[in-house]
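Please look over the sequence and the model before reading on.

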Amino acid sequence: MLLWSLIATRSQEIAMSRKSRLVIVANRLPVKRVKRKGKLVWETSPGGLVTAMTPILNDTGGSWVGWSGAAGKAPPAFTHENMRVHPVPISAEQLEKFYGGFSNTTLWPLYHDSVRTPQFHRRWWWPYVDVNRRFAEAVADEVSPGDMVWVHDYQLQLVPGMLRELRPDVRIGFFLHIPFPPEELFAQLPWRREILAGMLGADVVGFQTPSSARNFASAAKLYTEAKGPERGMDFRGRKVRVQAFPISIDVKHMEQVGMSAPVTDLATQLRTDLASSRTGDRRVLLGVDRLDYTKGIDIRLRAFEELLTRGSLTADDCVLVQVAVPSRESVDDYAELRAYVERLSGRINGQFGRPGRAAVHYLYRSLPFEELAAYYRMADVMVVTPLRDGMNLVAKEYVAANEGDTGTLVLSEFAGAAHELGSGALLVNPHDVDGLAATMEMALTLDDRERQRRMGLLRQAVRKNTVFGWAESFLEALAS
Ligand code: ADP
Ligand code: F6P
């Protein structure tokens, strides 16, 4: 609570000193419409960005511009818990082309090392431009001279440039939550100049890692007239600051929830349910991801299968729990991945399970926060193996939720989180089935001292950087 108010105060100072408000612009609003006692009401959606921004917006009287999550007409702007909410309407056709198409079948795979082939279609590009313009116009209506606008993520990369044309009198920040790809990959994008110029419309362009910031700066120099060093690029007569601001979680909250009595009870119950085996000492590996092909869930399952096939550990010694959150189900690659992951889980259980003792527990659902915390608490080994990830908050949540120095984190070299957590985690190449199987085995058999040493390092790293520190450092850069 203290941290919240410190940040709110600091942001208020920044805002007051400029007589400015903060406007957040993100594809999704921080609220969703739900039915309660037969009535439709707006409820806050959980999530890191919402947690970080809510106290700041509440204290500075700011607003949030975004899409409500439903196709078609949008209600007029309204106030929700002291925050102004400005919904942007997106039609069903625009959604298919802007969201399913350009955002999630062109940009998403391209920016994640092309782990699926990105598709480039002019019929998706124009709706992306139109929706970005609609967002920029909505923000232009919301702001007053001197306000600060913070635009988020790959769905809205054109907004900073469009907004600057409409409202040169505001400070504009942009943060990319996913990786910015190496120049050789980005070069494929037919609209690379437009995207870069859109982002360079901001005063501060933030990334998760220094390598993404570098990739962006070199692409900007190659394909636009931008020049100069990252921290102060010259673009069309203005300075643009390009910098890494690694995002994090509300560490204290995760620690408190993880330690709470209901979560402790649930974790004990889950452990009892899962650990029943002949030896009574079954270790639990856990994966928690959106069901996305960038998360490496399929290779993780194959590595677990390999581990059991080798026979040094059996399904009596260990079990894998994979929680997969439904995501972007209208996109073909996601539907195919689901079918594959479900086939693999069935195949592993068919070969290694027996009645009352599955080798893999596969849960296809989103969990309430406390239940998720209980899964984190009870797992001996957390397996976070994305093929590429901007940051990966699950890795940080696992560390914060665990009590004392229990637990081991297996982490992909290609997650942004590896920069901060690399010294305590067991790092893996998530494409390497044999290497991953060997690392899982190592994690399951690590001696207590080494496990504690590693968890101590992880805890230190996670506590050093909270989501509030992240928001504060970005807003300070934007205000300066
Ligand atoms: P991404 O943003 O790509 O989905 P992150 O790991 O950075 O990946 O963030 C995922 C967020 O979703 C985390 O905050 C995590 O708590 C939440 N989450 C993941 N799995 C579940 C689940 N099964 N139920 C509820 N929340 C989940
Ligand atoms: O990590 C990128 C991101 O867009 C997050 O901001 C978001 O929470 C997640 O992916 C899910 O995306 P979508 O809005 O497409 O469900």
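In what order do the strands of the open sheet of nine strands lie, and is the pairing parallel, antiparallel or mixed? The order is 5-6-4-1-7-8-9-11-10, and the pairing is mixed; here strands (E, at least two residues) and helices (H or I, at least four residues) are DSSP runs, numbered from the N terminus, and two strands pair if DSSP finds at least two bridges between them. This is a predicted model, in which local features need pLDDT of at least 70 and side-chain atom pairs count only at pLDDT 80 or more, while totals for chains, interfaces and linings use all residues. Residues are numbered from 1 along each chain as its sequence is written, chains are lettered from A and ligands numbered from 1 in the order in which they are written, and side-chain values use heavy atoms, with hydrogens and water left out.

Helix 8 (residues 210–223) lies across strand 9 (204–207), strand 10 and strand 11 (238–244), and runs at about 150° to strand 11; contact here means heavy atoms within 4.5 Å.

Strand 12 pairs with strand 15 in the parallel sense over two bridges, with Met-382 of strand 15 as the bridge partner of Leu-286. Strand 15 is in turn joined to strand 16 by four bridges, again parallel, and Thr-408 in strand 16 is the bridge partner of Val-381. Three bridges then link strand 16 (residues 408–412) to strand 17, also in parallel, and Leu-411 has Leu-427 of strand 17 as its bridge partner.

In a regular strand the side chains alternate between the two faces of the sheet. Strand 15 (residues 381–384) is covered on both faces, since Val-381 and Val-383 on one side and Met-382 and Val-384 on the other are all buried; buried means under 20% relative accessible area, exposed over 50%, and partly exposed in between, with a 1.4 Å probe and protein chains only.

Next come the ligands. Ligand 1 is surrounded by 14 residues, of which the closest are Arg-290, Lys-295, Leu-367, Leu-393 and Glu-397, a residue being near a molecule if one of its heavy atoms lies within 4 Å of it. Strand 12 (283–290), strand 13 (318–325), helix 13 and helix 14 (393–401) each supply at least two residues of this shell, and the largest share, three residues, comes from helix 14. An N or O atom in the side chain of Glu-397 is 2.6 Å from an oxygen atom of ligand 1, a polar side-chain atom of Lys-295 lies 2.9 Å from an oxygen atom of the ligand, and a backbone N or O atom of Val-394 lies 3.3 Å from one; a polar contact is a pair of N or O atoms within 3.5 Å. The protein covers 76% of the 560 Å² of accessible area that ligand 1 has on its own, as given by the Shrake-Rupley method with a 1.4 Å probe.

Around ligand 2 lie residues including Arg-28, Tyr-99, Arg-290 and Arg-328. Oxygen atoms of ligand 2 are found 2.5 Å from a polar side-chain atom of Tyr-99, 2.7 Å from one of Arg-28, and 2.9 Å from an N or O atom in the side chain of Arg-328. Taken alone, ligand 2 exposes 390 Å², and the protein buries 65% of that.

Arg-365 lies in the loop between strand 14 and helix 13 (369–378) and, at 43% relative accessibility, counts as partly exposed. Arg-459, in helix 17 (residues 448–464), counts as buried at 10% relative accessibility.

Terms used
A polar contact is a pair of N or O atoms within 3.5 Å; within protein, one must be able to donate a hydrogen and the other to accept it, and residues adjacent in sequence count only if both atoms are side-chain atoms. Axes are lines fitted to C-alpha atoms, for helices over the stretch in contact, and angles run from 0 to 180 degrees between N-to-C directions.
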